[in-house]
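Trainee: I am new to this structure and would like a close look at a single part of it. Please take me through that part and its surroundings.

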Amino acid sequence: MPELTPDALRVAVARIAPSRVPALTRHLYEATTNAQHTQTLAPLHAFVHSWAVFVAIERLPHRAARLHELERIVDAGTTSWSRPSPRSARSGRPPRPTRACDGADDQDDG
C-alpha cells in the first residue's frame, strides 16, 4: 500500500489503473479548490481516503474482480443475495447469488 499522499496515490494509480489518472487529477483539483473555499482540510482527507480505498481494492485482481461483479449485479437489479453458509464463510468463498423470483425488493433485516 502506498503512503497516503496525493503523489504516492497518483503513482500507485498510474501503475494499477493508468486510465484513472485523469479522474484522480480532477478529483485532487476539486478537493484543493473546495479546501481553499471552505478553509478546511476535509475535502483533501476525503480525496486521500477515496483513492486509498480504490488502490487497496484494485491492487489485488481477485478483490477488484469481485467488486466489479457486485457492481454489475447492483446495476442490473435482478439478483438477491442469500446469506453464506457457515462452510462457505469459513472457506472465504462469497455467497452465491440467487435470482429474485417475484421482482420484489429484498430487505436486509440485519
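Trainee: Which residues does Val-55 touch, not counting residues up to four places away in sequence?

Mentor: Some ground rules come before the answer. This is a predicted model, in which local features need pLDDT of at least 70 and side-chain atom pairs count only at pLDDT 80 or more, while totals for chains, interfaces and linings use all residues. Residues are numbered from 1 along each chain as its sequence is written, and side-chain values use heavy atoms, with hydrogens and water left out.

The protein chain has five helices and two strands, where helices (H or I, at least four residues) and strands (E, at least two) are DSSP runs numbered from the N terminus. Their order from the N terminus is α-α-α-α-β-α-β. Val-55 lies in helix 3, residues 42-58.

Leaving out residues up to four places away in sequence, Val-55 touches Met-1, Pro-2, Leu-9, Ala-12, Val-13 and Ile-16; contact means heavy atoms within 4.5 Å. Met-1 is 54 residues from Val-55 along the chain, yet their C-alpha atoms are separated by 7.6 Å. Val-55 counts as buried because its relative accessibility is 2%; buried means under 20% relative accessible area, exposed over 50% and partly exposed in between, with a 1.4 Å probe and protein chains only. Of the 110 residues in the protein chain, 21% are buried.

Val-55 also takes part in the contact between helix 1 and helix 3. The axes of helix 1 (residues 6-16) and helix 3 come within 10 Å and cross at roughly 30°. Axes here are lines fitted to C-alpha atoms, for helices over the stretch in contact, and angles run from 0 to 180 degrees between N-to-C directions. The two helices, helix 1 and helix 3, are therefore roughly parallel; angles under 35 degrees count as roughly parallel, over 145 as roughly antiparallel, 65 to 115 as roughly perpendicular and the rest as oblique. Helix 1 contributes Pro-6, Leu-9, Ala-12, Val-13 and Ile-16 to the contact, and helix 3 contributes residues including Phe-47, Trp-51, Val-55 and Glu-58.

Helix 3 has another partner in helix 2 (residues 21-38), and these two axes come within 8 Å and cross at roughly 155°. That makes helix 2 roughly antiparallel to helix 3. Among the residues of this contact are Leu-24, His-27 and Ala-31 of helix 2, and Pro-43, Phe-47 and Trp-51 of helix 3.
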